[in-house]
Amino acid sequence: MRGSREERTADASAARDRYDAWHGRYGVDAASDAPWHRLVKARLDPAQDLRGRRVLEIACGRGGFACWLASWPERPLAVVAADFSPTAVGKAQKHAAGMGLTTLRWEVGDIQAIPHPDASFDTVFCCETIEHVPDPDAALKELARVLKPGGKLYLTSPNYFGPLGLYRIYLRLTGRQFTEEGQPINHPLLLWHTLARLRRAGLEVLAVDGVGHYLPFPGRPPIELPALNRPRWLMRWVALHSLAVARKPTRRN
């Protein structure tokens, strides 16, 4: 973020207010069955990545996926769930209490300045977030910092190397702004660039996946074309919903 400290503080406060308003319009995603959550669940190894592990979900939103992690039979040692929006965290806490999940720790925090020491977590989850922060590179460096050596990051983000990316260009050329239902920041990420950013943050990319192909139309929801998800090894590079699984290298003697 640019400008003076006072300007950055004002910008952050305004963004928090808008995210509070955005989360206030929606209920808890109790099923955690969004395309990005399904991508993570398909790749997750609970015995390796959850059982007895210290887990962080950063930008947990209204808490559905964090509750799913905490209630999995392969119980984590601890689950910390954090979001920039106090409204989102409040909804998540209430939902977790209703499920009887008392071991979850909820926090209000900024992904660009995670309030935990280096190497605090074995597994970190971050879904659909880095495109909505002022500095995605700073966010990825923070995710790498709090991971233990050998720990894994499950990162999902949109990939605009496809029809919706062209639609964003069309909107810009016609003087209109692209927005995801009013979210204040929407960086036009590309999968290959996100992978390069992960490597610059010091992480090793283990797996890449992606689903979701849509035809956009002005004034109506995009039409999904599920047949274009195959062949997956090829079509993942132009799919809208992308997943990268990355590992922090172990220290060398």
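Hi everyone, let me start with a definition: two residues are in contact when they have heavy atoms within 4.5 Å of each other. In our protein chain, take the contacts with a separation of 6 or more: 78% of them join residues 24 or more positions apart.

Before going on, some housekeeping. This is a predicted model, where local features need pLDDT of at least 70 and side-chain atom pairs count only at pLDDT 80 or more, while totals for chains, interfaces and linings use all residues. Residues are numbered from 1 along each chain as its sequence is written, and side-chain values use heavy atoms, leaving out hydrogens and water.

Now the overall picture. The protein chain has nine helices and nine strands; these are DSSP runs numbered from the N terminus, with helices being H or I of at least four residues and strands being E of at least two. The chain is as compact as a globular protein of its length, because its radius of gyration is 18 Å, close to the 18 Å that the globule rule gives for 253 residues. That radius is taken over C-alpha atoms, and the rule is 2.2 Å times the number of residues to the power 0.38. Along the principal axes, the C-alpha atoms fill a box of roughly 50 × 45 × 40 Å.

How much of the chain is buried? Buried residues make up 48% of the 253, where buried means under 20% relative accessible area, exposed over 50%, and partly exposed in between, using a 1.4 Å probe and protein chains only.

Next, the cysteines. A disulfide is a pair of cysteine sulfur atoms within 2.5 Å, and the count here comes to zero. For cysteine 60, the nearest cysteine sulfur belongs to cysteine 67, 8.8 Å away; cysteine 60 is buried, at 6% relative accessibility.

Finally, some backbone details. Most residues other than glycine have a negative phi, and most peptide bonds are trans. Alanine 59 has a positive phi, near 65°, and sits in the loop between β1 (54–58) and α4 (64–71). Glutamate 128 has a positive phi as well, near 55°; this residue is in the loop between β4 (121–127) and α6 (136–146) and is buried at 16% relative accessibility. And where is the cis peptide bond? It joins arginine 230 and proline 231, with omega about 0°, and proline 231 lies in the loop between β8 (220–224) and α9 (232–235).
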